[in-house]
Amino acid sequence: DNVQEAISLSSQTLGSWFMAHAPDLLDARQELHLTEVLRKPVEGRQGNQFEFFVLDFAEALMTNSSMWQTVCDYLAWCPTCGESALQIFLSHLPITMQEDKTTMQALEVASKHNLPVCAAQLCRAIGMHRWQQGQLGAAEVWLRR
């Protein structure tokens, strides 16, 4: 299929940002056939090609620690795999070594996307870290959240 070949070539040459945003760009130009191809389910995977490209772009952003909130936005957009990917990503943030501002931002993301189990895990991790540092008052506050 020529359309699939064009998508594959575009993916290789234009990069992950372009591919993550290609359906939006095609929608704006009313390229319905190409948009439909990108939104078709991918055989053997969850989601469609568009979601796959968004996940790929989010993964590329993960290498830059200052982009973690942007990564969360892209993961949250993904209708099929986004929630579980976002939970995994948030649970692996290295927030225990950072200031409380980053922790609060991560908790806001978890709350915004209705991930209470993830928020509880974050609070538990911070509480245990504070406990290990001898900050018993701060540990109690985090562990009671």
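How far is the sulfur of Cys72 from the closest cysteine sulfur, and in which residue does that sulfur lie? The distance is 8.8 Å, to the sulfur of Cys118, which is too far for a bond. The structure is a predicted model, in which local features need pLDDT of at least 70 and side-chain atom pairs count only at pLDDT 80 or more, while totals for chains, interfaces and linings use all residues. Residues are numbered from 1 along each chain as its sequence is written, and side-chain values use heavy atoms, with hydrogens and water left out.

**Overall composition and confidence**

- The chain contains 8 helices and 0 strands, where helices (H or I, at least four residues) and strands (E, at least two) are DSSP runs numbered from the N terminus.
- Read from the N terminus, the order of elements is α-α-α-α-α-α-α-α.
- The chain has a mean pLDDT of 83, and 87% of its residues reach 70 or more; pLDDT is the predictor's confidence in each residue, on a scale from 0 to 100.
- Of the 145 residues, 35% count as buried; buried means under 20% relative accessible area, exposed over 50%, and partly exposed in between, with a 1.4 Å probe and protein chains only.
- Of the contacts with a separation of 6 or more, 48% join residues 24 or more positions apart, a contact being heavy atoms within 4.5 Å.

**Helix H4 and its buried side**

- Helix H4 spans residues 68-77, and its buried residues are Trp68, Val71, Cys72, Tyr74 and Leu75.
- These residues cover an arc of only 165 degrees around the axis, and therefore lie on the same side of H4; the arc is that of the directions from the helix axis to the C-beta atoms.
- An α-helix has 3.6 residues a turn, so residues three or four places apart point the same way.

**Helix packing**

- H4 and H5 pack at an angle of about 160 degrees, with their axes 8 Å apart. Axes are lines fitted to C-alpha atoms, for helices over the stretch in contact, and angles run from 0 to 180 degrees between N-to-C directions.
- H4 is therefore roughly antiparallel to H5; angles under 35 degrees count as roughly parallel, over 145 as roughly antiparallel, 65 to 115 as roughly perpendicular and the rest as oblique.
- In this pair, Trp68, Val71, Cys72, Leu75 and Ala76 of H4 meet Gly82, Ala85, Leu86, Phe89 and Leu90 of H5.
- The axes of H4 and H6 come within 11 Å and cross at roughly 5 degrees, so these two helices are roughly parallel to each other.
- The H4 residues Trp68, Gln69, Cys72 and Asp73 meet Thr102, Gln105, Ala106, Val109 and Lys112 in H6.
- Helix H5 (residues 82-91) packs against helix H7 (residues 116-132) at an angle of about 5 degrees, with the axes 10 Å apart. This makes H5 roughly parallel to H7.
- Here Gln87, Leu90 and Ser91 in H5 meet Cys118, Gln121 and Leu122 in H7.

**Cysteines**

- A search of the whole structure finds 0 disulfides, a disulfide being a pair of cysteine sulfur atoms within 2.5 Å.
- Cys78 is in no disulfide, and the nearest cysteine sulfur, that of Cys81, is 7.1 Å away.
- Cys72 is buried, with a relative accessible area of 1%, and Cys78 is buried with a value of 3%.

**Individual residues**

- Val54 belongs to helix H3 (residues 49-61) and counts as buried at 3% relative accessibility.
- Leaving aside neighbours within four places in sequence, Val54 is in contact with Ala20, Tyr74, Trp77 and Cys78.
- Val54 and Cys78 are 24 residues apart in sequence, with their C-alpha atoms 7.4 Å apart in space.
- Leu93 lies in the loop between H5 and helix H6 (100-112) and counts as buried at 13% relative accessibility.
- Beyond neighbours within four places in sequence, Leu93 is in contact with Trp68 and Ala106.
- The C-alpha atoms of Leu93 and Ala106 are separated by 8.5 Å, with the two residues 13 apart along the chain.
- Asn114 lies in the loop between H6 and H7 and counts as exposed at 62% relative accessibility.
- Phi of Asn114 is near 55 degrees, a positive value in a residue other than glycine.
- Most residues other than glycine have a negative phi.
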